[in-house]
Amino acid sequence: MSITEFEYKTGFPALRLTNSNGSASVEILLYGAHVLSWTTNNKQILFLSDKAIFAPGKAIRGGIPIVWPQFGPGPLPQHGFARVKTWRLGKTNTNDDVSVELHLLHDEDTLKIWPHKFNLTLTIRLKEKSFYQELTVHNEDNHTFEFTSLFHTYFTVDDIKTTTISGLNNVTYTDKVDGSKTKTETNKTLEFTSETDRVYNDGGKNANPILINDCIQVIGSGTTSDIVVWNPWQEKAKGSVDIGEHNFSKFVCVEVGHVHDSVKLDKDQLWKGSHEITLLK
Ligand SMILES: O=P(O)(O)OC[C@H]1O[C@@H](O)[C@H](O)[C@@H](O)[C@@H]1O
């Protein structure tokens, strides 16, 4: 079991966590606390675009961006600022499962656009067949603040046209490619034939794990039981500088979080949200 510090590309301090027999590893940038890669059993689980842009202030296309404190468009930049800030390395552990903690504290720039004092801790833990992330939000201000939060995970797939997702049957969702209409999932298995951008609003009721191609299991916690499913399809991928037409079929985003409404966090209080991804076979 080890934790190695290295530089990714030029100027991006990074960490590599490896399990005891070397069969699983994860690579994390301090920039965005961004998980770039998770391999287990010699299989890369995450998708990272070959056109991803690595530059201060830019979001990285692929891996697991942290969406916080705002999901989607709004008063803040799209998906908030946590994914474009540099986090600090905190505690590390190589005794049981290998894990690290990363921290992000409010600063002058965040206070200008979001006037609330916060302290975020992201715990990342690697097990042999699974990967766990937990975000803790501490309200360090003297008033209540509100946020939405999402683990924006890009999974690598052989072909989006043959990809299936199960576990969402009967769950209500907002269909962002159909005028944000509210619908209920009637399919036992979701398949992809066009641009898909849905926010499944479970409100903590869905006990089902989500399965991607019957092989990868994704589970949120009680506080993070909304699931966003996204693929831009060919045209939008072509129009996106950091995706590209050739990449649209290679990934699906299955994103666990709390986005159907805002979390209201009182002063001095903590909120925790997590997800666990397991390779089943
Ligand atoms: O390009 P971004 O900002 O990383 O967002 C990608 C997608 O992220 C998803 O979570 C949203 O539901 C989509 O609407 C959005 O297009």
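Two strands pair if DSSP finds at least two bridges between them. The views below show a predicted model.

**View 1. An open sheet of 5 strands.**
The strands follow the order β1-β2-β3-β4-β5. Their pairing is antiparallel. Strands of a sheet pair through backbone hydrogen bonds, either parallel or antiparallel.

**View 2. The edges of the sheet are β1 and β5.**
β1 covers residues 2-8, and β5 covers 43-44. Each has a single partner strand, so one side of each is left without a neighbour in the sheet.

**View 3. Strands β2 and β3, joined by 5 bridges.**
β2 spans residues 12-18 and β3 spans residues 24-29. The two run antiparallel. Thr18 has Ser25 of β3 as its bridge partner.

**View 4. Asn41, a residue with positive phi.**
Asn41 lies in the loop between β4 (34-40) and β5. Its phi is about 55°, although Asn41 is not a glycine. Most residues other than glycine have a negative phi.

**View 5. The cis peptide bond between Trp68 and Pro69.**
Omega is about 0° here. Pro69 belongs to the loop between β6 (66-67) and β7 (88-93). Most peptide bonds are trans.

**View 6. The ligand in the largest pocket.**
Around the ligand stand Arg61, Phe71, Gln78, His79, Arg83, His152, Lys176, Asp197, Val228, Trp230 and Glu255. By class, this shell has 5 charged, 3 polar and 3 nonpolar residues. Phe71, Val228 and Trp230 count among the nonpolar class. Arg61, Arg83, Lys176, Asp197 and Glu255 count as charged. Gln78, His79 and His152 count as polar.

**View 7. Polar side-chain atoms facing ligand oxygen: Arg83, His152 and Lys176.**
The cut-off for a polar contact is 3.5 Å between N or O atoms. For His152, an N or O atom of the side chain is 2.8 Å from an oxygen atom of the ligand. For Arg83, the distance from a polar side-chain atom to a ligand oxygen is 3.0 Å. For Lys176, it is 3.1 Å. On its own, the ligand has 390 Å² of accessible area, and the protein covers 83% of this.

Conventions. Residues are numbered from 1 along each chain as its sequence is written. This is a predicted model: local features need pLDDT of at least 70, side-chain atom pairs count only at pLDDT 80 or more; totals for chains, interfaces and linings use all residues. Side-chain values use heavy atoms; hydrogens and water are left out. A residue is near a molecule or strand if one of its heavy atoms lies within 4 Å of it. A polar contact is a pair of N or O atoms within 3.5 Å; within protein, one must be able to donate a hydrogen and the other to accept it, and residues adjacent in sequence count only if both atoms are side-chain atoms. Accessible areas come from the Shrake-Rupley method with a 1.4 Å probe; for residues, only the protein chains shown count as cover. On a 1 Å grid over the protein atoms alone, a cavity is a set of points where a 1.4 Å probe fits but cannot get out, and a pocket is an open set with protein on both sides within 12 Å along at least five of seven lines; lining residues have an atom within 4 Å of a point. A molecule sits in a cavity or pocket if more than half of its atoms lie within 2 Å of its grid points. Helices (H or I, at least four residues) and strands (E, at least two) are DSSP runs, numbered from the N terminus.
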